[in-house]
Amino acid sequence: MSDDGSGGHYYWCTRHHRVETEADVCPARHVLGPYASAADAENALQTVRERNDAWDAEDARWAGEGR
C-alpha cells in the first residue's frame, strides 16, 4: 500500500460514516477495508450484515438447529 493515496484502496469509516482513502484514512480501529473501489467501501456495512447472516445460518445448520 502506498502512503500517497494512489494505491487504489478505499475504506469505510465507522466513526465518520464515509468513504476514506489512504490519503485521509482514520485509525484502523475505525475503518473497514481496504476495498478496491469507493462503491465497495460504501457498501461495507451491507457486506458485513450479509456475511454475518450467512455465518449465523451456517452455525445454526452445523449445530443442527431447524431440524
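Strand 1 (10–13) and strand 2 (18–21) pair in the antiparallel sense over four bridges. Strands here are DSSP runs of E with at least two residues, helices are runs of H or I with at least four, and both are numbered from the N terminus; two strands pair if DSSP finds at least two bridges between them. This is a predicted model, in which local features need pLDDT of at least 70 and side-chain atom pairs count only at pLDDT 80 or more, while totals for chains, interfaces and linings use all residues. Residues are numbered from 1 along each chain as its sequence is written, and side-chain values use heavy atoms, with hydrogens and water left out.

Together, three strands form an open sheet in the order 2-1-3. Strand 2 and strand 3 stand at the edges with a single partner strand each, so one side of each is left without a neighbour in the sheet. From one strand to the next, the twist averages 30 degrees. Helix 2 (residues 44–63) packs on this sheet and touches strand 1 and strand 3 (contact means heavy atoms within 4.5 Å). The direction of helix 2 makes about 95 degrees with that of strand 3; axes are lines fitted to C-alpha atoms, for helices over the stretch in contact, and angles run from 0 to 180 degrees between N-to-C directions.

Now for the charged side chains. How many salt bridges does the structure hold? There are two, where a salt bridge is a side-chain nitrogen of Lys or Arg within 4 Å of a carboxyl oxygen of Asp or Glu.

| Salt bridge | N to O distance |
|---|---|
| Glutamate 20 and arginine 18 | 3.0 Å |
| Glutamate 58 and arginine 61 | 2.5 Å |

Glutamate 20 is buried, with a relative accessible area of 0%, while arginine 18 is partly exposed at 37%. Buried means under 20% relative accessible area, exposed over 50%, and partly exposed in between (1.4 Å probe, protein chains only). Glutamate 58 and arginine 61 both lie in helix 2, three residues apart, about one turn of the helix.

The side chain of glutamate 22 does make a polar contact of 2.8 Å with that of histidine 9. Such a contact is a pair of N or O atoms within 3.5 Å; within protein, one must be able to donate a hydrogen and the other to accept it, and residues adjacent in sequence count only if both atoms are side-chain atoms.

Most residues other than glycine have a negative phi, and most peptide bonds are trans. Histidine 17, however, takes a positive phi near 55 degrees in the hairpin of strand 1 and strand 2, which has four residues between the strands. Histidine 17 is exposed, with a relative accessible area of 55%. A cis peptide bond, with omega about 20 degrees, joins glycine 33 and proline 34, and proline 34 is found in strand 3.
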